[in-house]
Amino acid sequence: MNKEKDFDKIYIGYLVGGALLGAIAGYVVKKVGPKNIMNMIKQKDIIPPSISNLINEFSSRKKQKDQ
């Protein structure tokens with residue numbers, strides 16, 4: 001028996017769909033701004049405060065290295 005793995009159309013659909021969702025998310029983040037998104041997430045308690053503090057620590061560390 002010869003088993004060949006075909007590259008189905010569904011894989012192409014997943015690839016295009018993922019790229020489309022990534023592009024939309026990138027556009028929204030670019031327009032709204034990452035700081036505004038983080039402030040909204042903190043206010044709505046979507047992520048725990050400990051994780052948001054960790055994110056803030058890493059982002060502030062990155063800004064200090066850039067200067």
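User: Which element has the lowest mean pLDDT here, and which the highest?
Analyst: Among the elements of the protein chain, helix α3, covering residues 49-66, has the lowest mean pLDDT at 73, while helix α1, covering residues 9-32, has the highest at 93. Keep in mind that this is a predicted model, and that where pLDDT is low, the predicted coordinates should not be read in detail.

User: And what is the mean for the protein chain?
Analyst: The mean pLDDT of the protein chain is 81, and 79% of its residues reach 70 or more.

User: OK, what about the fold: how many helices and strands are there?
Analyst: The protein chain has three helices and zero strands, so that, read from the N terminus on, its elements run α-α-α.

User: How much of the protein chain counts as buried?
Analyst: Of the 67 residues in the protein chain, 6% count as buried, and the chain exposes about 6,500 Å², of which carbon and sulfur atoms supply 62%.

User: Which residues make the nonpolar surface patch?
Analyst: The patch is made by L20, I24, Y27, V28 and V32, and its area is about 480 Å². One of these residues, V28, is found in helix α1 and is partly exposed, with a relative accessible area of 40%.

User: Switching to S52, where is it, and is it buried or exposed?
Analyst: S52 is found in helix α3, and it counts as buried because its relative accessible area is 5%, which falls under the 20% cut-off for that class.

User: What does S52 touch, leaving out residues up to four places away in sequence?
Analyst: With those sequence neighbours not counted, S52 touches M38, K42 and I47. There is also a polar atom of the S52 side chain that lies 2.9 Å from the backbone oxygen of P49.

User: Now D45, where is that, and what is its phi?
Analyst: D45 is found in the loop between α2 and α3, and its phi is near 55°, which is a positive value in a residue other than glycine.

User: Why does D45 count as exposed?
Analyst: D45 counts as exposed because its relative accessibility is 58%, and the exposed class takes in values over 50%.

User: Last one, K35: which helix is it in, and is it buried or exposed?
Analyst: K35 is found in helix α2, which covers residues 34-43, and this lysine is exposed, with a relative accessible area of 57%.

User: How far apart are the C-alpha atoms of K35 and N56?
Analyst: The C-alpha atoms of K35 and N56 are separated by 9.8 Å, although the two residues are 21 residues apart along the chain.

Note on methods
Residues are numbered from 1 along each chain as its sequence is written. This is a predicted model: local features need pLDDT of at least 70, side-chain atom pairs count only at pLDDT 80 or more; totals for chains, interfaces and linings use all residues. Side-chain values use heavy atoms; hydrogens and water are left out. Helices (H or I, at least four residues) and strands (E, at least two) are DSSP runs, numbered from the N terminus. Buried means under 20% relative accessible area, exposed over 50%, partly exposed in between (1.4 Å probe, protein chains only). Accessible areas come from the Shrake-Rupley method with a 1.4 Å probe; for residues, only the protein chains shown count as cover. pLDDT is the predictor's confidence in each residue, from 0 to 100. A polar contact is a pair of N or O atoms within 3.5 Å; within protein, one must be able to donate a hydrogen and the other to accept it, and residues adjacent in sequence count only if both atoms are side-chain atoms. Contact means heavy atoms within 4.5 Å. Patches are made of residues with over 30% relative accessible area and no salt bridge: like charges are joined within 9 Å, nonpolar side chains (Val, Leu, Ile, Met, Phe, Trp, Tyr) within 5 Å. A salt bridge is a side-chain nitrogen of Lys or Arg within 4 Å of a carboxyl oxygen of Asp or Glu.
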